[in-house]
Amino acid sequence: MSDAPAASAPLLQTPLHALHLELGARMVPFAGYAMPVQYPAGIIAEHRQCREAAALFDVSHMGQVRLVGDDAAAALETLVPQDIAGLGLLKQRYAFFTNDAGGLRDDLMVTRREDDLFLVVNAGCKDADIAHLQAQIGTRCQVIPEPERVLLALQGPKAVDALARLDAGVAALTFMTGGHFRLAGADCFVTRSGYTGEDGYEISVPAAQAVELARALLAQPEVAPAGLGARDTLRLEAGLCLYGHDIDTATTPVEAGLVWAIQKLRRPGGERAGGYPGAEVIGAQLTGGASRRRVGLAGLERLPVREGAPLLDAEGSRVGQVTSGTVGPSVGQPIAMGYVETALAAVGTALFAEVRGKRVPMQVTAMPFAPHRYFRG
């Protein structure tokens, strides 16, 4: 995992650390934390558990932040190209911080609650994100990190059955909405969302009650624990970007295929167009296109293609690079994402990945590789 810190840095632990060890997890460094990469059942079994029933992930290494104040939504819009002011109560939206060159500082989730905007940011970026928020909009709203809260992700088609036993109200949520629920004696904020392509929930719970809630969920017959390994194969099959791999500060949202996340009123000609870092660069690409694009790639041989592999055209010229790759347990073949010149981004284009000196035939393919199964009501 390239998000591992330097070997000399002491690893942080989530409040569920002892539970992971009790469950037999193999721990690895990730974004400064000791995190479970897999449990004894193994990555493929955990992946299938999520696709077929329900899997519980500890994602409390991620950052939870509240923005409080009447000006919070307008302030946040100066940092992201999303419509935050128009976000309905208890509705959630995918967003991203941009830099002056139009690159992606981080991606995040934003939910409008009764008294605040609730943000979830990536683990490896959270300190920088919080500093960015405080420096840029801290005079317009309160920026309140919540390190005292844990984040759990319960994902899979039977997640609703398991969670509804603790509070039946969660079943009424639809994709990208949230609400307040009492789960195993804890006051939690729950959104029907996640990063596996499956139906499921993300649960913000006070750290002091997190282990009790995790045990209550694991006691449900549909639920088993899952680690970072399965989380990675699941999100890749779902065609979802991993920050620091598929998107970064040198990648624009247009290049990354994230135009769908920029609402029309924030685009050129829109009611609240621009006004965020890199708006001119992104606006020009929205209008005129970008020179490279993120694409899905299917391997035509059994050899897996990993991050960093060069992508070549039929003549052997380098035309791009793989940013994520695996053998998809659900799709049964090597899959990857990467960036190629826009002229080669059409579905069906034949390419080669170079793996240890061997040219592996690949084909540009539509994403997601496995269909999304979000619950929209």
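Modeller: The second largest cavity holds about 40 Å³ of space. A cavity here is a set of points on a 1 Å grid over the protein atoms alone where a 1.4 Å probe fits but cannot get out, and lining residues have an atom within 4 Å of a point. Grid points are joined across faces, edges and corners, and a volume is the space filled by probe spheres set on the points. The model is predicted: local features need pLDDT of at least 70 and side-chain atom pairs count only at pLDDT 80 or more, while totals for chains, interfaces and linings use all residues. Residues are numbered from 1 along each chain as its sequence is written, and side-chain values use heavy atoms, with hydrogens and water left out.

The lining consists of Gln-92, Phe-118, Val-120, Leu-151, Phe-189, Thr-191, Glu-202, Ile-203 and Ser-204. Two or more of these residues come from each of β8 (117-121), β12 (186-191) and β13 (200-206); strands are DSSP runs of E with at least two residues, helices are runs of H or I with at least four, and both are numbered from the N terminus. β13 has the largest share, three residues. By type, the lining divides into five nonpolar, three polar and one charged, where Ala, Val, Leu, Ile, Met, Phe, Trp, Tyr, Cys and Pro count as nonpolar, Asp, Glu, Lys and Arg as charged, and the others, Gly among them, as polar.

For context, the structure has three cavities of 30 Å³ or more. The largest cavity contains about 60 Å³, and residues including Leu-16, His-20, Tyr-39 and Asp-58 line it. β4 (54-58) and α6 (210-218) each give two or more residues to that lining, with β4 supplying the largest share, three. Nine of its lining residues are nonpolar, one is polar and one is charged.

Open space is counted separately, as pockets: open sets of grid points with protein on both sides within 12 Å along at least five of seven lines. The largest pocket has a volume of about 1,000 Å³ and a lining of 45 residues, with Tyr-94, Asp-107, Tyr-195, Leu-240 and Cys-241 nearest its centre. β6 (92-98), β7 (104-112) and α7 each supply at least two residues of this lining, and α7 gives the most, four. The pocket lining has 25 nonpolar, eleven polar and nine charged residues.
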